[in-house]
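Student: I have a structure open and want to learn how to read it. Can we go through it feature by feature?

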Amino acid sequence: MSTPALKYTKDDVAFSKEPLEAYTIPARYYQDSGIYEMEKEAIFYRNWWLAGHVSRLPEPGSYLRVDIHDQGILLVRGRDGEIRAFYNVCQHRGHELVKDDAGKMSNLMVCPYHAWAFDLEGGLVRARNTEQLPGFNKYDFNLKTVRVAEHCGLLYVNLDPDAEPLDAVTENLGNEIRA
C-alpha cells in the first residue's frame, strides 16, 4: 500500500508517471521532511553502517562516536576487550554522554549533566541521590545497546535489533575487500 506523501501529484514533473518508464523521482522527494522521516525509519535505521576500523579502539576505554542521521552511537572497547555499541545518551535525562569523535576514557562513562556513571559494558554504576529512592533499580537504567559487528577489521552498527546478521548481508564482501 502506498503512503499518500509518496504518491505522484499533479505538480510533480516526472519523466514518466509510469513506474517502469520513470528515470527519477520528483524533486520534492529530496526536500520533503515527511518523506525523509519515513526513509530514516524504513532505510537508515534498519541497515548496517560503517562506523570505523577496529584499530581506532586499541585498548579498553577507547571509544568512537558516530552519528546515523540524528542518532548518536558510541562504540567502546570494554575491559574484557569486547567492542560494544550504545546509544550515546544518558538514561536519566537524555543528555549526550560523549561529544568528542574519538578518545579514551577511564573505567567509567560519566554523564556531564547529573554525573550518572556507566561502566564500559554499559551498566549503571552510580546515580547520585538514588540510594534511598524506593523501587529504584539501577539495572533498569543501563545504556541502550546497538548491534555492532566486525567484518575484515571494519566495525558496523545497526539500530534495528531484528536486522539480519552482518555476515548474512556481506556474503562475499570479505573477498572483495581483500582483493
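Student: Which residue in S10 does His-53 stand opposite?

Tutor: This is a predicted model. In it, His-53 stands opposite Leu-154 in S10. The strands involved, S1 and S10 (residues 154–158), pair in the antiparallel sense over four bridges.

Student: In what order do the strands of the open sheet run?

Tutor: Seven strands form it, in the order S1-S10-S9-S4-S3-S2-S5. The pairing is antiparallel. At the edges are strand S1 (49–53) and strand S5 (102–104), each pairing on one side only. Neighbouring strands are turned by 30° against each other on average, direction ignored.

Student: Which elements have the lowest and the highest mean pLDDT?

Tutor: Helix H3 (residues 173–178) has the lowest, at 80. Strand S4 (residues 83–87) has the highest, at 98. The chain averages 88, and 92% of the residues score at least 70.

Student: Now the aromatic rings. What describes a pair of them?

Tutor: Two values do: the distance of the centres and the angle of the planes. A search of the whole structure finds four aromatic pairs. One of them joins Trp-116 and Phe-136, with ring centres 6.0 Å apart. Their planes stand at 85°, over the 60 degrees that edge-to-face requires, so the pair is edge-to-face.

Student: Where do Trp-116 and Phe-136 lie in the chain?

Tutor: Trp-116 is in the loop between strand S6 (108–110) and strand S7 (117–119). Phe-136 is in the loop between S8 and S9, so the pair ties together parts that are 20 residues apart in sequence.

Student: How far apart are the ring centres of Trp-116 and Phe-141?

Tutor: They are 5.7 Å apart, and the planes are at 90°, so this pair is edge-to-face. Phe-141 also lies in the loop between S8 and S9, so its pairing with Trp-116 ties together parts that are 25 residues apart in sequence.

Student: Is Trp-116 buried or exposed?

Tutor: Buried, because its relative accessible area is 4% and the cut-off is under 20%. Phe-136, at 22%, is partly exposed. Phe-141, at 25%, also counts as partly exposed.

Student: Which residues does Ala-127 touch, leaving out those up to four places away in sequence?

Tutor: Trp-116 and Phe-136. Ala-127 lies in the loop between strand S8 (124–126) and strand S9 (145–151). At 7% relative accessibility, Ala-127 counts as buried. Its C-alpha atom is separated by 6.5 Å from that of Ala-117, ten residues apart along the chain.

Notes: Residues numbered from 1 in each chain as written. Predicted model: local features only at pLDDT ≥ 70, side-chain atom pairs only at ≥ 80, totals over all residues. Heavy atoms only, no water. pLDDT = per-residue confidence, 0-100. Helix = DSSP H or I, 4+ residues; strand = E, 2+ residues; numbered from the N terminus. Buried < 20%, exposed > 50% of the residue type's maximum accessible area, 1.4 Å probe, protein only. Contact = heavy atoms within 4.5 Å. Pairing = 2+ DSSP bridges. Axes fitted to C-alpha atoms, helices over the stretch in contact; angles between N-to-C directions. Phe/Tyr/Trp six-rings, centres within 6.5 Å; stacked < 30°, edge-to-face > 60°.
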